[in-house]
Amino acid sequence: KETAKIMAQFQLENERMNVKEEMMNDALIDAFDNDELEEEAEDVTQQVLAELGVEMDSQMVGLNAPNKTPATELSLAEQDAIGDDLKARLNAL
């Protein structure tokens with residue numbers, strides 16, 4: 001009988017703890033998960049950046065993007081010229 005009474009008390013306290021935990025989780029979600037707050041923060045950030053002149057969109061409109069990739073390899077004629085130059089230097093030593 002004593003064990004059954006202790007188990008019943010334990011279950012009751014466990015349920016109370018679960019209810020309190022759910023209430024605290026709901027309160028924290030309501031306090032910190034606010035979309036309106038995020039939108040307000042984004043608006044303030046954009047206003048500050050605009051005041052500082054960091055509007056990149058308008059600055060990048062007139063820029064020309066490169067139309068071809070830079071050459072990274074030498075042509076055969078350039079390679080031959082460099083090879084001939086190196087050979088001449090080695091022979092001069």
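Is Arg89 buried or exposed? I looked this up in a predicted model. Arg89 has 55% relative accessibility, so I put it down as exposed. The cut-off for that word is over 50%.

**Entry: the partner of Arg89**

I followed the side chain of Arg89 and found a salt bridge to Asp85. The N to O distance is 3.6 Å. I checked where the two residues sit: both are in helix 4, which spans residues 76-92. They are four residues apart, about one turn of the helix. Asp85 comes out at 38% relative accessibility, so I noted it as partly exposed.

**Entry: salt bridges in total**

How many salt bridges does the structure hold? I counted two.

**Entry: Glu13 and Arg16**

I placed this pair in helix 1, residues 2-32. Glu13 and Arg16 are three residues apart there, so about one helical turn separates them. Glu13 has a relative accessible area of 36%, which makes it partly exposed. Arg16 is partly exposed as well, with 45%.

**Entry: a nonpolar patch**

Which residues form a nonpolar patch on the surface? I listed Val44, Val48, Leu49 and Leu52. Together they have about 340 Å² of accessible area. I took Val48 for a further check. Val48 lies in helix 2, residues 35-52. Its relative accessibility is 41%, so I logged Val48 as partly exposed. Patch residues need over 30% relative accessible area, and Val48 has 41%.

Conventions:
Residues are numbered from 1 along each chain as its sequence is written. This is a predicted model: local features need pLDDT of at least 70, side-chain atom pairs count only at pLDDT 80 or more; totals for chains, interfaces and linings use all residues. Side-chain values use heavy atoms; hydrogens and water are left out. Patches are made of residues with over 30% relative accessible area and no salt bridge: like charges are joined within 9 Å, nonpolar side chains (Val, Leu, Ile, Met, Phe, Trp, Tyr) within 5 Å. Accessible areas come from the Shrake-Rupley method with a 1.4 Å probe; for residues, only the protein chains shown count as cover. A salt bridge is a side-chain nitrogen of Lys or Arg within 4 Å of a carboxyl oxygen of Asp or Glu. Buried means under 20% relative accessible area, exposed over 50%, partly exposed in between (1.4 Å probe, protein chains only).
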